[in-house]
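Subject: Handover of a structure

Dear colleague,

Please find below the structure that I am handing over to you. I would be grateful if you could look through it before reading my notes.

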Amino acid sequence: MSMLIQQVRLSTWMKLSTNNQGQINKKQGTDRLRKIGFFGFLCSVFFLLILLIVINCKPSRKVEIKKLKNGNFQLIVSGKPYIVKGVCYNPIPIGENHEYDWWSDPNKPWLIDGKLMQEMGINTIRLYQVHDNPQEVRQVIRDMYELYGIRTILGDWLGFWEYPCPFYGDQQFQERITKEVLEMVSLYKDEPGVLMWILGNENNYSCLGHVQPWSTEEIDKEPNPQKQRFMRSKIYYSFVNDIARQIHQIDPNHPVALGNGELVGLDVAAQFCPDVDLVACIIYRGKTFGNLFKSLRATFDKPILISEFGADSYDAFLKKEDQSIQAFFLESQWRQIYENLWNNQKGAGNCLGGVIFEWTDEWWKHNQYDPQSWKVHDTGSNWSNGSYYFDIKAEDNKNMNEEWFGIVALSDQPENVTPASAQTLDKRKPRKAYYVVREFWKQPSLDNKRGKKAGRSR
Amino acid sequence: MRKPIIAGLIFLACLGLVFATEAKAAPAKEAAVVAAPGPKTEFVVYSDKNNKDNHFIPSGWMGDYGDIKLNDQALDSPHSGTTAIQFTYTAKKSQGQGWAGVYWQNPANNWGSKKGGFDLTGMTELTFWAKGAKGGEVIQKFTVGGIKGTYPDSATVEMGPIELTDSWKQYTINVAGKDLSYISSGFGWATNADLNPEGCVFYLDDIKFEADPAIKPEGKKQEAMPFYVFADRSSMNNHFIPSGWMGDYGDIKYDGASKEDPYLGDSCIKIAYNGNATQGARWAGIYWQQPANNWGNIDAGYDLSKATKLTFWARGANGGERIEEFKIGGLMGEFSDTDAVSIGPVVLNKEWTQYTIDLKGKDLSNIIGGFCWATNVDVNPTGATFYLDEIKYE
Amino acid sequence: MIAKSVIHNHKPMSRFFKFFILTVFLSIFSVHYALAKPPVRDKQKLTALTKQLIETKDQQKLYAPFAELDDFYCAEHKYQDYTEFLKSLANKNKATEPFIDYYIASCRYQQLKYLEETQDWDEYFTNGNSYRDQITSGLKSVVAKTTPQDPLNIYARLLKWRFHKDQQDSFQETALDDLISATRDYVGKSADNNPVKKVADELFAYGEKAKAKEIYRLYVDKIISQSQGDDKLKDTARSFCKEGNLEFSEVVYDAYIEKVLKLWPKEKSIPALIDIAKLFAPQDKGPSDPLYAEKIFKKIEELGGKEAFDEELIYLRSFCLEKAKEYDQARENYIYLLERYPGTKYADEANFKIAVISAYILKDLKTAKDYFKLLAAKTTFSPQVIASLYQLGLLSQWEGDTLKAKEYYNNLLEKSQAGFAQTRALAQERLKEIAEEKPIEYNLKTFLDASLKDESVKPDMNKADLKTSLYRVKKGETIHIDSGGYSLEAGCMQVEQQYLWSGDIGKTQASFDQAGFDTSYTDSGTKIINLIMVSPSGIIGRDICLIDVN
């Protein structure tokens, strides 16, 4: 009986389908087309969505400076706010001078240093000038970035140390330097580890005639010395501006900084160097930067990176190492940097971070012409700075000990590595400042009166 | 029979217990007698001649000591008691200094070579009564402490200038919060001929330290504008002291009372720089400091936040003198100037010209280097003589 | 046969050899074991201490063993072992609880200091915060578990203050106030004075002089009130003196004199006072306070009059006053010495010093010359006699009487045949000046002008304060002369100051930029060193000092 019913149902269905075949087929076809169309629409939307997500998730390589609604400046790297916690890096071994080619050192000092830096919390190194072997430069940048997440600031001296002087007033000189800089940018702009470019260091002092003085015929004719300074500054800053513009054209992904000693001349830069993205200032004002940040706001309203600051670890008065005072000064300086970042309402909000001078001691600096002295950790000093008051009573007030600025000391004992060359790598011995700054970065406290943990010991 | 014996024994035992307890209590009582010494509420420097409470002796005469006469038992209307101290300053410049002063010392004539200081911890102010014979006498400063040497005073506090009236008035030097653990100069005064060209006679009485817990350490107040660095030689409104001689200080001659065609008033500053490189530096300059010789090692200075500019008038003796820098602030030490601003190089004219240092946006909350000039022999091969006047913050 | 010889060749290891190997093996093992384990003696000590700590119920008796334990571990910097050991003591004896808390805190405090000293920054920063927390929480617990009369309570507050002071943080002031008030409270309630002294010592070491003085006074008052009296006070004062802490020694001696010696009959008190004065009088070496010695001498004079002084004591008093630069009184006493003891062995020295003080300090040239002449007339030529001839010559030369000057100098050369080489050399220099009609050497002339001319007395020429490393020196012994350390306030800029040295400089040539110098003498006698300090503004200091060469 059931079989019969099933048969009837089947036959009925077949009948229906046969009878309405045409209609049903037609309807089915339209439906099918609709479904396909709808499905296709859904797929494309889905695909677009995925595409968008992928695009947004993929880290942007761009480094840019954002001006917030309240006028504060923020450095954005790969879409995230970035505080520059940097060190000036020049790993010259004991017994060598600045001409030493550390890039091709088979011991690869940056691998040891990078690890220590990472453990400290450093995220940036500053190189004053690139090496002439692009492969080696890239290797360093990549190793630092890929292994330790540390980015690199690349700089150019803009011919400052050329003999007899930098001829900033000369067109040909300018063109040559510009070419040099643009070459550097072209070579490294696509490296993910590059953070920014710094043009010059304390070149502005040459406009005052203090160091590496230069001039032009026109300037020499001008009797008023103040006007002379203005003319030099105008030439120099316009030149830097021009380079900055050209860099932006070939590399829109990295900011360009004007390297400047103190804030000297920035009133002129405000007029003739508007296209730089930030100023990178070299400041040695002792344990704090004074009114630096607010002053800059009033003079040349650009964000500031303190591209060189610090303290030496040698007490020239008591004639002994003093790691505690170096740590004290550095912590105080970092506190002020943090006070002026974008996120502190009470500060100037224009600081992007700092680059400590420097990573390791350089034993050649006190007497660069005497190779014997490069093997000795000289305690002599050639200049004086009263804001480093702890040893200003040194003989002749000479208290700035150039060979003792590292936050990592070098030992003539070798690092525990198998030397790849006859030369061993000097053992790195982090000083107290290394740890104090590390702890500060872990918990940056702007209130230095509240149970200070890492003060100067008795 | 037994009961009385037992009772007696019990009684004796109790007696013994009582005595034993008393004996134990005795040392405790003795110990309680030792009390901490009560805090002093005042420490007299001078109340009357030969008063046994007096401390310190006005033996430290300075500057034109020949211009000073002291009468420590002046009988004419003392503030209290029978005597007051009378000082006569003749302003004759007997020793060629142009100023004079007296330190009260312990022991007499102790310039820091002897251990004679008192521990005045707890005192919060030094009060004294003063009057001028006529009124209008100007004392440049009154001081507490300030002796240097092998046994230096633990603090230096100054107050002034004060223009006296012809009736007794009380003045206070706030010493709250200062380290008074060793003070060998309890009091002092100094003045100069510029402020008192005819000399002056004045009286002091009831000089004493007091401990008033209500007195709090003096904070810095914002100075009103205009705030003069130099107006005139005899102006009470002058601030900062041209004490910071730098570089070839032997090349500089400074005259703060030049009558050679001042811009305003009766005097101006004349500076003669001879460019001889006496100390081999080949440059020279002078910083106006507060207090004198403060290179950033003393926590002091003025709050000049209300100022928007510093103006001054300058001229060269011949015209063409080049001053590399005129500056305010910039002293760096443990207690640095909060900011620094400069102009220059400036080539001076023969006529008085006004110059301005723009201070907008600068942090002037603590300025110890009120003014500064510097130049060198390379730009002034034959030296430079120039004049300054009306240096003021406004 | 071959097999046999083979078997014979294969000798078994001798017993001796086996024994040797075993011995070597055992030695290596035991040396290693011995190095790894604390010596048996130390272990025994630790065991004994542990037993003592667990069994002692009286907290007062726990101080000593805990202190010993602390020393046991900390001397070897075994901080981790120490902390573990302390923790292991917990719950074994209730009485030790606050001690355990205290000593853990103290251990961590010492450990942090040790890490800083050895620059072991890794551990310092990795574990530093945790150690610091242990310090603060431990000390808080100690204060809660003890009473204000317990020494441990004071020690905990003291450690807390030291900890915050070292950190230079914002809690140091409240910690200091807390410590001072707790100590005051403690003094009133407890018999054991040692914590009070410890607090005072630490305050002094950290530079809190005013507060240290206050606590020392409480300490001293306590000793007196406890009638532990004479000896204890005297011993305390003496120990301060030995430590070089003269200031507090004086505080205690003052109390001793006031409360003890005053009650004694003068036959007993005067000798005691003399002993005290001698402690503070300038000796060959070591710190001294001649002003305090004079204060004691005054007391002696009050009690026993001038008769209480014998020859040696009068001389000592004069010497003290001279070294304290109370030249007026020194001269008075030297004169008194000569009056009372005309035949004194100090006669020449006294006469000479009277003359020098009269001339160069008191500007009393007449008296000076009288005394110099007195000496010059003597027939036995002591160093002072020879030096007097020189001085007479010098004064004459300065006054312009070159003939007289020459006479004196030649007389000197005649009388000083052997010895006195340095004085002879000076006389010869002066003669040369006279012969060549040159003025007296510049430095010396400046000194003489500044000291002897009427109008040159300036109250502010007082920045020089000559000091010598020794008051009396042997021939050939090096002595350091210092101008007093004054330097013009110039902060960054070093202002030029010149030092015009003259007089008996000895073997050295001191140049004008030397603020101090070392020298030695080949002749005995009383040497006079003169100094004029000059700055760009003129003469700012003038001083003289006397050195006796034996």
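The model is predicted, and local features need pLDDT of at least 70, side-chain atom pairs count only at pLDDT 80 or more, and totals for chains, interfaces and linings use all residues. Residues are numbered from 1 along each chain as its sequence is written, chains are lettered from A and ligands numbered from 1 in the order in which they are written, and side-chain values use heavy atoms, leaving out hydrogens and water.

I begin with the interface. Twelve residues from chain A and 15 residues from chain B make up the contact (heavy atoms within 4.5 Å). Together the two chains bury about 1100 Å², 50% of it on carbon and sulfur atoms; buried area is the accessible area, taken with a 1.4 Å probe, that two parts lose on being put together, summed over both. On the side of chain A, the most area is lost by A:Pro225, A:Gln226 and A:Asn291, which together account for 40% of what that side buries.

Helix H8 (225-250) and helix H10 (292-299) of chain A each supply at least two residues of this side, and H8(A) gives the largest share, three residues. Helices here are DSSP runs of H or I with at least four residues, and strands are runs of E with at least two, numbered from the N terminus. Four residue pairs are in polar contact across the interface, both residues being at pLDDT 80 or more (a pair of N or O atoms within 3.5 Å; within protein, one must be able to donate a hydrogen and the other to accept it, and residues adjacent in sequence count only if both atoms are side-chain atoms).

Chain B contains an open sheet of five strands in the order S2-S5-S12-S8-S9, with antiparallel pairing; strands pair if DSSP finds at least two bridges between them. Its edge strands are S2 (57-63) and S9 (156-159), each of which pairs on one side only. Strand S5 (residues 99-105) of chain B is joined to strand S12 (residues 185-192) of chain B by seven bridges, and B:Gly101 has B:Ala190 in S12(B) as its bridge partner.

Finally, the salt bridges (a side-chain nitrogen of Lys or Arg within 4 Å of a carboxyl oxygen of Asp or Glu). The whole structure has 67 of them over all chains, while the count between chain A and chain B is zero. One of them links A:Arg431 with A:Asp361, with the closest N and O atoms 2.7 Å apart. A:Arg431 lies in the loop between strand S15 (426-430) and helix H12 (432-442) of chain A, and A:Asp361 in the loop between strand S13 (351-356) and strand S14 (408-414) of chain A, so the pair ties together parts that are 70 residues apart in sequence.

With kind regards
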